[in-house]
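Student: I'd like to learn how to read a structure like this one, feature by feature. Could you walk me through it?

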Amino acid sequence: MKMKLIKTNAVLIVTMLGTLMPVSAQGQFLKKLKKSVEDKVVKTASDKTDKLLNGNGAAASVPDAKPGRVSDNKTSQSEKVDKKAPFAVNDQNILTFKAPSKDFRDVVIQAHKGLPRYGDLYFLRGTTTPTMNKAYEALLELKFLENTFKALDRSKLTKHQNISGDLEKKNSVFAQNHLLILARETLSDEKLQEYFCDSEAKSPCNFYNSAGERSRVSYWGGTHNNEFAQNRSYTKFIKNHYGTLQTWSNSFYEDGSQIAYFVARGTVAEKYDFGNKGFWIVNIFSIGGDFILHKSNFMAYSENEKTLKNYSKKVFLPVEPTAAKAFNLIERSPVFVVFKVKVTPNVTSPTHIAWEFEMEDTIMEFYKDSPLSQKMGESDIRTIKFKD
Amino acid sequence: MKHILFITAVLAFQLIGWGQSQEKTFDPPTADFISLSLQTHMGKLRFGVQDEYFLKSDGTYVSSRDDEYFERDKQFSHNNASRHAFVELLKMRFKEDMFEVMDRDFFTERTQNMYEKDLKSYTAQQHVLALANALCNKQQSIRFFCNPKEEDCASGFLQEGYYNEPRSIRPWGGRGASEFQKLRAYTNFAKEKFPLVEKWAKTLYSDNVLEGYYVTRTNLGTYDFKSGGYWLNTHQFYNQGFLLRWYGLQPVNSSERKLMHPNGSSILFKMSPEVAETFSEKYQKVYLVFDVTGNLNGLENYRADQLKTTFSLNSPVIEIYSDDGLTQKVGEINITTMVAKTR
């Protein structure tokens, strides 16, 4: 709809052949053409940015000529100007994974200090930049469940019936469901119309809810469509986009693991401890979100890590009395604990990945607020104090 | 001919004896206490799984009809008592605040609500009772723990060569002792002997670091023909034993982390199928030996009254033996080059 700016095939190819992306993640053929299209790309990209800034609002960002990850630098900020997001802090706290072509949209997730933010996220509708967590997770699963995807039936939709016992068919059903999620989450608005809107519908389908988030995407071929149209839509998608998605997914977790920040939400356990000069924090891991990471996959190696994981003990955060007063905390005030972790996927079944993580840094940072802007202090896991 | 047979038999018997390592003896500050005899391996203390003494290196057990049975039994009794006493002595350094406020003239009664100071004194007195039971020789045991009005102290007490079972804690003054006898026994020990115990405890590894070998055991399991060996699962390693536990190992590098993966890892003990067939008929268990540095980190808590220990590896080589006496070495695994898998 709004993205009908670019129509010629030339531009399509140009955008697909990302120029500034890490070489390792791209296919060989892309590399060859890279040089020749570089100049064109720069021009197209700036043209599009201009158009976007001149009135294309919340819907989605324009696919740029830069697939792959772009961290919170000027580029992503300038593209991410959003009328609904008044706080600059939001723009610094996202990571944008550029779409590999204009058929897809950028994948945005929250970040902390330039690395992915997992665990408890900061989401406030209309305030924080919209993120595509499902798309991100689905892309990771596409990469690491590659053995399951080998069973994908590319020529037809596998029926749900008659699959008992045959792992191959089960895997195909799973893979096809997974691709449906990926298509819903990652396709550009234009392509979404193509694959998920009945061609005979009188008006274009609306895939957005009132908050401007994509949510109302139905099945292949659109609502009320017959199995022939569904199959046509599915096979066309496979033919045109599956390879691109696979290549894109391989640009994530490049060496098989990812350094990230795991944010846990705890609470202040009791009033300020004047004897020890600090706060006792409790319930880390038991409340709070679990984007990608969950306590159960925390690989605890040292004694203190094991205590932190396995016992619901209070942990100590040293804070000077004057600073503590300024933070204005009471019992049960939330506290956000940030761990720098190394995340490694462990494929535990054909359909499930356990995202195991271990501490990459012994420092735990404590923040007062969910956007992680007010740091209270830090503790070292090697020397941290516990109490019952 | 008969003569030669006899000599070989004697030689073989002696070899079994020599195979076992010399024990490390800690002499008591007074002859009223027992000496402590701890097992060693290659000259250093042995932690974790201990030599039970009854398993011969050929895989058979010493039977109660064998001549050496009572000798082994007494050796075990001494070693068992020594290990217990050693740990009780080590725990003292983490209870200094309790011994400081311990009432040495009267018993501290246990009540529903206690002041911190009284709770400490009470806990310390319990520890003193444990120490007295663990450390006193036969003569002193009779003095503090036998009630001549109720029992026959001369004959019915400890048999010669045997030591007090760690689990049996006799009450002050002996069975059925009056409150006067009880208090007399306690105060006599607290004033005469306890200062010696305190001093002794301080001389033992005062930096809280103990060098030695950690021994664990595991079942061989099923032979894996594809990989050509047995998978030894770290989650099935025996986790109890003297002073150190398997899960107390603190990994410091990536190969040690592989070994200590929280989901458990399996390491490959390579063996050709021909060797494995005869080996598995004889042995179902193997003993793994790690060269380690142990650390004492305090007490678990008041009630559990257990030493918190951790250890780190001094060498990447795991020695593997087929007997608990560690005389029959059957292989080695180097953890930097080991084949390992996690769940």
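Student: Is the crossing of α2(B) and α4(B) left-handed or right-handed?

Tutor: The crossing of α2(B) and α4(B) is left-handed. Keep in mind that this is a predicted model.

Student: Which residues make the contact between α2(B) and α4(B)?

Tutor: From α2(B) come B:A81, B:H84, B:A85 and B:E88, while α4(B) brings B:A130, B:L131, B:A134 and B:L135. Sorted by class, this contact has six nonpolar residues, one polar and one charged.

Student: Let's turn to chain A. How many helices and strands does its secondary structure come to?

Tutor: Chain A has eleven helices and eleven strands. Of its 388 residues, 39% are buried.

Student: Why is strand β3 of chain A described as largely enclosed by the rest of the structure?

Tutor: Burial here is a matter of counting neighbours: a residue is buried if 20 or more other C-beta atoms lie within 10 Å of its own. In β3(A) (residues 107-112), five of the six residues are buried, so the strand is largely enclosed by the rest of the structure.

Student: And which strands does β3(A) pair with?

Tutor: On one hand, strand β2 (residues 94-98) of chain A is joined to β3(A) by four bridges, running antiparallel; A:L95 has A:I109 as its bridge partner in β3(A). On the other, two bridges join β3(A) to strand β4 (residues 115-119) of chain A, again antiparallel, and there A:A111 stands opposite A:P116.

Student: What lies between β3(A) and β4(A)?

Tutor: The two strands form a hairpin with two residues between them. In that turn, A:K113 has a positive phi of about 50 degrees.

Student: Where are the domains of chain A, and how many residues touch across them?

Tutor: The domain assignment gives domain 1 (9-249) and domain 2 (258-387). In chain A, 22 residues of domain 1 are in contact with 25 residues of domain 2.

Student: Which element gives the most to the domain 1 side?

Tutor: We meet β4(A) again: it gives the most to the side of domain 1 of chain A that touches domain 2, with five residues. The residues of that side divide into ten nonpolar, seven polar and five charged.

Definitions and conventions. Residues are numbered from 1 along each chain as its sequence is written. Chains are lettered from A and ligands numbered from 1 in the order in which they are written. This is a predicted model: local features need pLDDT of at least 70, side-chain atom pairs count only at pLDDT 80 or more; totals for chains, interfaces and linings use all residues. A crossing is left-handed if the near helix is turned anticlockwise from the far one by less than a right angle, and right-handed if clockwise. Two residues are in contact if their C-beta atoms, placed from the backbone, lie within 7 Å. Ala, Val, Leu, Ile, Met, Phe, Trp, Tyr, Cys and Pro count as nonpolar, Asp, Glu, Lys and Arg as charged, and the others, Gly among them, as polar. A residue is buried if 20 or more other C-beta atoms lie within 10 Å of its own, exposed if 12 or fewer, and partly exposed in between; C-beta atoms are placed from the backbone. Two strands pair if DSSP finds at least two bridges between them. Domain bounds come from an automatic or database domain assignment.
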